[in-house]
Amino acid sequence: MSRYADIPKPIRSGIVVVDPERGTPQRIIVLQFNPDTLERSLAPQSAGGSGDAGGGGSGGDRNEALRLKGPAEESWKFTAEIDATDQFEVAAPDGVHPQLATLEMLVHPTSAQLREASRKTRKGTIEISPIEMPLTLFTWGSRRVMPVRLTELSISESAFDVNLNPIRASLGIGMKVLSVSDLPAGHRGADLYLAHLAQKERLAAAARGGRPAELGLGRGL
């Protein structure tokens, strides 16, 4: 027996498409390789005018300087790799076309939805609501499960088989975390965001707090 048999396999990151009404997964997309780096940015939703943005100018209400209108706007960016030649046990007659198409459909309405919208237009429907997409979750381990909307999907195909099917691709993926400011009250995604925020609070509570002396403040402020 190999001495590596007991080494646990790493948890994969991925995307889960969820039925917002029932909460059941419609599709689970497991990333073939976990990205080496994650780029995250958080922009606070400050109350008041532009003077609260930290520029030091006038125009903001001083009473609002420490107030927030809602949770920070959080975005993620990373690069995902797909390589059909690294999965010998999986048949790939179409190369990585299926994996690419699955990700691309996260930012496309279906052909049936577009036909239905076109049918309503021909019937003279005055107002046609924008097409609602399924709820999408990004998972990075059990401590990071959050509702997201894809804001960027760039694809670089770097190798092809004899039928010109792509067999290797690199994907730049950008996502916006959907918070209670983006989703209606009672929406399943809003509940999942609150659970994501509560997880942050638990992790923050577990961090060791500093002492004033460590900052050279003597007995305190």
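Contact here means that heavy atoms lie within 4.5 Å of each other. The model is a predicted one, in which local features need pLDDT of at least 70 and side-chain atom pairs count only at pLDDT 80 or more, while totals for chains, interfaces and linings use all residues. Residues are numbered from 1 along each chain as its sequence is written, and side-chain values use heavy atoms, with hydrogens and water left out.

**Strand β5 and T136**
- T136 lies in strand β5, strands being DSSP runs of E with at least two residues and helices runs of H or I with at least four, numbered from the N terminus.
- T136 is buried, with a relative accessible area of 9%, where buried means under 20%, exposed over 50% and partly exposed in between, for a 1.4 Å probe and protein chains only.
- Apart from neighbours within four places in sequence, T136 is in contact with I15, V16, M146, P147 and V148.

**Helix α3**
- Helix α3, residues 188-206, has 19 residues and reaches 28 Å from its first C-alpha to its last, close to the expected 27 Å, which is 1.5 Å times one less than the number of residues.
- G189, A190, Y193, H196 and Q199 are buried in α3, and the cover over the buried residues of this helix includes β4, β5, β6 and β7.

**The loop between β6 and β7**
- L164 is found in the loop between β6 and β7, where this exposed residue has a relative accessible area of 65%.
- The phi of L164 is near 65 degrees, a positive value in a residue other than glycine.
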